Amino acid sequence: MDYYFLESQYPRTGFISGGTTFTPEMDTNYSAIDYPLPDDTKAEVELFSSVRSLKVDYFETVTGTRVVSNAFKTLLEETGTNVQFIPAVVRYHNDRPVEKTYWIAHLLKQVDCFDYERSEYGRKAVIAASVHQPPRKLVKVISKLVLDPGKIGGHHFFMLAHVQLLKPIISSELYDTCKKHTLKLHVATI
């Protein structure tokens, strides 16, 4: 099976992003939170002024949130992904609401499937040794990424564990399903 990175930059539309605020307010930066948020959490996303029309089913914000459309949320729920969906009110920069319903996809499963042997990355010897001799070092600079399919374990939407990449990964199986449902996603092949 092939895997792709989900992108926030779309060929015709450009880069889609904005800022996110949460209610109740968080005590720490959102990107540092790796536990479930309270059930009553809600989010507001204000898109950058460069976004004039939001017709996509996935994008990321500068605060690290991953925003999915209601249609994409439904497909993710069908695959049994480890995602907490936070209701989000998404608005354009001029305070006009967007046309679709969106959710924050929080707590993506981190999968330890980075192939330390076949991938090319900075400080390879030191980082590869830390896999067997903790503490585990974070992979930061990657020139060639290879996944170990034996360690993916049937996940279709996930983040890489121990790798400093902010983009989620989607399986070709889930991506094909999304295309059949005419979801507008942009991916880059791994």
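Predicted model: local features only at pLDDT ≥ 70, side-chain atom pairs only at ≥ 80, totals over all residues.

Modeller: The protein has three helices along with 15 strands. Its radius of gyration is 17 Å, close to the 16 Å that the globule rule gives for 190 residues, so the protein is as compact as a globular protein of that length. Along the principal axes, the C-alpha atoms fill a box of roughly 50 × 40 × 30 Å. Buried residues account for 44% of the 190 residues. If you take the contacts between residues at least 6 apart in sequence, 67% of them join residues at least 24 apart.

Now for your helix, α3, which covers residues 172-180. Which of its residues are buried? They are Ser172, Leu174, Tyr175 and Cys178. Looking down the axis of α3, you'd find these buried residues within an arc of 160°, so they line one face of the helix.

Let's zoom in on Cys178, which sits in α3. Cys178 has a relative accessibility of 0%, and buried means under 20%, so Cys178 counts as buried. Leaving aside residues up to four places away in sequence, Cys178 touches Phe72, Leu75, Ile170, Leu183 and Leu185.

After α3 comes Thr182, and its phi is positive, near 55°. To put that in context, most residues other than glycine have a negative phi, and most peptide bonds are trans. Asp95, in the loop between β8 (84-91) and β9 (102-106), has a positive phi near 75°, and Asp95 counts as exposed at 52% relative accessibility. Leu107 also has a positive phi, about 70°; this residue lies in the loop between β9 and β10 (110-111) and counts as partly exposed at 22% relative accessibility.

There are cis peptide bonds to look at as well. One runs from Thr23 to Pro24, with omega near -5°, and Pro24 belongs to the loop between β4 (18-23) and β5 (42-47). Another joins Pro134 and Pro135, with omega about 10°, and Pro135 is in the loop between α2 and β12 (142-144).

In α2 (residues 124-132), Ile127, Ala128 and Ser130 are buried. They cover an arc of only 155° around the axis, which puts them on the same side of α2. Ala125 and His132, on the other side of α2, are exposed. Part of what covers the buried residues of α2 is β11 (120-121).

So, back to α3: its buried residues line one face of the helix, and Cys178 is among them.

Note on methods: Residues numbered from 1 in each chain as written. Heavy atoms only, no water. Helix = DSSP H or I, 4+ residues; strand = E, 2+ residues; numbered from the N terminus. Rg over C-alpha atoms; globule rule 2.2 N^0.38 Å. Buried < 20%, exposed > 50% of the residue type's maximum accessible area, 1.4 Å probe, protein only. Contact = heavy atoms within 4.5 Å. Arc of directions from axis to C-beta.
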